[in-house]
Amino acid sequence: SMRSRILSLSFIFSFVLGQNYSLSFDGVDDYVELDTTNLNTSADFTVQFDVIDYGPNSNPNHAWRVYFSNLGNGNPYAGIAVYSQYSQIGFFYNVPPNQISVVELPSDNSFNLAVSYNQSTIKFYLNGSLVNEYVATINYSEVNKFIIGSRPQYQSCDNECGLLSDCLNGNIDNFNFWNYELNQESIQSNIDNPVSTDDAGLVGSWNFNEGEGTILYDQSGNE
């Protein structure tokens, strides 16, 4: 059955893209917070989603435009973040901070992005093409937030003040999370086809087609 796995939904506006909706983020203070129960990025995983990146946000210091993150609230360097800055897509992980420049943003700023990990190598796919891979070990503890569109600030604080940093100015759609590493063929297939909700490894799937309200529903059907 469909379930909500949204804990917080702040100033999210719906945007019609073809016949579907996507989430629009204003680059100021929009974000979505998900339950981290099944969204574990220290074991094998794949995250895949569609992005429209409109460029700089409200921060005059050319801050990151975060697509998703699960940085720890108590330790802002714990966890991972996928983001853009200037004209690059980047990746951040672990303690001390490791920042990787992955690939240049597409010229039209609209694309499908997938990140997969098998506990030794992390891979990045842009529109289904493998654009970079790195040997990496993601290890951390006390990660208690999984956020779309933002990340905690560099401070330890409560749920509100730690979520107003590096906000995305753009749209996210078809956000999917698997607890295993997808191969390139599967990633390419997911771009033009609905993901299979019969896949037990699909532990979170949000298509953002609610259109209104403050609750988003996980379509995966997996507990």
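1. Start with the contacts. Among contacts between residues at least 6 apart in sequence, 60% join residues at least 24 apart. Keep in mind that this is a predicted model.

2. Now the overall make-up. The protein holds 1 helix and 17 strands. Of its 223 residues, 50% are buried. The exposed surface comes to about 9800 Å², and carbon and sulfur atoms supply 45% of that area.

3. Look inside next. In soluble globular proteins, nonpolar side chains tend to be buried together. Here the largest nonpolar core has 38 residues. Those with the most contacts inside this core are Phe49, Tyr67, Ile89, Phe91, Ile172 and Phe175. There is also a second, separate core of 7 residues, including Ala114, Trp178, Leu182 and Val195.

4. Leaving aside residues up to four places away in sequence, Phe175 touches Leu34, Val47, Gln48, Phe49, Phe68, Phe146, Ile148, Gly204, Ser205, Trp206 and Phe208.

5. Turn to the rings. The structure holds 16 aromatic pairs. One of them joins Phe45 and Phe177: the ring centres are 5.9 Å apart and the planes meet at 10°, so this pair is stacked. The pair links distant parts of the chain. Phe45 sits in strand E6 (residues 45-53) and Phe177 in strand E15 (residues 169-178), 132 residues apart.

6. The cut-off for buried is under 20%.

7. Compare a second pair. Phe49 and Phe68 are edge-to-face, with 5.8 Å centre to centre and 90° between the planes. Phe49 lies in strand E6 and Phe68 in strand E7 (residues 65-69), so the pair ties together parts 19 residues apart in sequence. Phe49 is buried, with a relative accessible area of 0%. Phe68 is buried as well, at 0% relative accessibility.

8. Which residues do ring pairs link into a cluster? They are Phe45, Phe49, Tyr67, Phe68, Phe111, Tyr117, Phe146, Phe175, Phe177 and Trp206. Find Phe175 in that list, then go back to its contacts: Phe49, Phe68, Phe146 and Trp206 are among them.

9. Arg151 lies over the face of Trp64, at 3.8 Å from the ring centre.

Technical notes
Residues numbered from 1 in each chain as written. Predicted model: local features only at pLDDT ≥ 70, side-chain atom pairs only at ≥ 80, totals over all residues. Heavy atoms only, no water. Core = buried A, V, L, I, M, F, W, Y, C linked by side-chain atoms within 4.5 Å. Buried < 20%, exposed > 50% of the residue type's maximum accessible area, 1.4 Å probe, protein only. Contact = heavy atoms within 4.5 Å. Phe/Tyr/Trp six-rings, centres within 6.5 Å; stacked < 30°, edge-to-face > 60°. Helix = DSSP H or I, 4+ residues; strand = E, 2+ residues; numbered from the N terminus. Lys NZ or Arg CZ within 6 Å of the ring centre and 35° of its normal. Areas by Shrake-Rupley, 256 points an atom, 1.4 Å probe, with all protein chains shown as cover.
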